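Hi,

Here is the structure I promised to pass along. Have a look at it first, and my notes on what turned up follow below.

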Amino acid sequence: MNYRWKHTLLMTGIMTGTTLLSSTAVYAQTPDLSDPPEIEGDVITEDLGSHNIRVGLGLAESSPLYISTQYFGDILSERTEGRLTVDVFPNSQLGDDAQMMEMLQTGTLDMTIPSTSPATSYVDELAVFDLPFLFPTREAAMAVLESDVALDLLDKFDGTGIKAFAYHENGYRQLTNSVRPVESPEDVAGLDVGGLTIRTMENPVQLSIWEALGANPTPMAFGEVFSAMEQGVIDGQENPWSTILTSNFHEVQDYGSETRHVYTPFIIMMSERTWDRLDPAYQELVEEAARAAAAYEIQLATEYDDWARNQLEERGMQITRLNDDQIAAFQEAVQPVYDEWAPRIGEDLVAEIQQIVESTMAE
Ligand code: TK8
């Protein structure tokens, strides 16, 4: 275990069986998460060149994404005797998802892990994940993300200057706002008082969803969302509970609703220019480490989800849980999104994904 990883464990307070002397703000925000899997596999002892890989992330240091990216770095470093190193830059400090993908293309950044939604400007078909209520359960989502149908979409980055390795979990997206409790589409549309101004990801399907719900959708980069809410430019946003917590959105959002309306994953990706500079043995290792980091991140994200919701409640957010009928009302309201987008995304692709989902429900 190298120093950096130990440091991360201390910072995030996930050292199991250890009492931390001082509880930092980060510690207070971190559940008892699983340790990363042991780093296994051959060590490349031959000197195949030294590279420092810079990874930009939109999310904060306490997010599952950041923790798993540190683990990714530790795998590379341990298995190359320190010749491959990774520096992680969180909090959109190097740019937002769209900008960081452009930086991969130009080679000014080595890696990033964006949501699929902004990545649809490179691979249109990824918009299939933007469809609302596509995955009724996390098991269904996992079955799809592991399927050839989904993995083939990653190959479609070929020729864009970006190499995509694996899916991570972002998680079920939930609505928050600073105006009123929401338990129905009517509450979003605010029939008499006007619709909520909701920040959406920069993606046309997301825009359609919130239009269908009667909101005033405002596409915006993730890094700008906190201050836009603080300044009252927007009323609300939607993201998984873990992101809402680790981004401190509860400081500026009084209400949350467990809508689970969208499940868009992350993709771990590298600049092709960086990739081309790596020895084939290193390339193979990077791919392997990316998959290991993805598996660990999915585990962490799953562990984080309910815990983060409870933490938000403890910190004063009023969270509305929705029953099946209430969820069904949202689902019905966004049906026009399927009518509009399924033909454009590809009816076959949508059907293939739905078939995988259904196969998990039948079990
Ligand atoms: C982080 C983003 C973010 C996403 C969003 O870079 O934009 O709301 O959920 O987490 O990818």
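**Around the ligand**

Sorted by class, the shell around the ligand is made up of 4 nonpolar, 4 polar and 3 charged residues. Keep in mind as you read on that this is a predicted model. If you want to click through the shell, look for Gly58, Leu59, Asp97, Ser115, Asn170, Arg173, Arg199, Met201, Phe222, Asn239 and Phe266.

Asp97 puts a polar side-chain atom 2.6 Å from an oxygen atom of the ligand. For Arg173, a polar side-chain atom is 2.9 Å from a ligand oxygen, and for Asn170 the distance from a polar side-chain atom to a ligand oxygen is 3.0 Å. On its own the ligand would expose 300 Å², and the protein buries 97% of that. As for where the ligand sits, that's the largest cavity.

**Salt bridges**

Away from the ligand list, I also went through the charged pairs. Side chains of opposite charge can pair when their charged atoms come close. The count here comes to 11 salt bridges. One of them joins Glu288 and Arg79, with the closest N and O atoms 2.7 Å apart. Glu288 belongs to helix H13 (residues 280-314), while Arg79 is in the loop between helix H3 (64-78) and strand S2 (84-89), so this pair ties together parts that are 209 residues apart in sequence.

Cheers

Technical notes: Residues numbered from 1 in each chain as written. Predicted model: local features only at pLDDT ≥ 70, side-chain atom pairs only at ≥ 80, totals over all residues. Heavy atoms only, no water. Near = heavy atom within 4 Å. Polar contact = N/O pair within 3.5 Å; in protein donor to acceptor, adjacent residues only side chain to side chain. Areas by Shrake-Rupley, 256 points an atom, 1.4 Å probe, with all protein chains shown as cover. 1 Å grid on protein atoms, 1.4 Å probe; cavity = no way out; pocket = protein on both sides within 12 Å on 5 of 7 lines; lining within 4 Å. Sits in = over half its atoms within 2 Å of the grid points. Nonpolar A, V, L, I, M, F, W, Y, C, P; charged D, E, K, R; others polar. Salt bridge = Lys/Arg side-chain N within 4 Å of Asp/Glu carboxyl O. Helix = DSSP H or I, 4+ residues; strand = E, 2+ residues; numbered from the N terminus.
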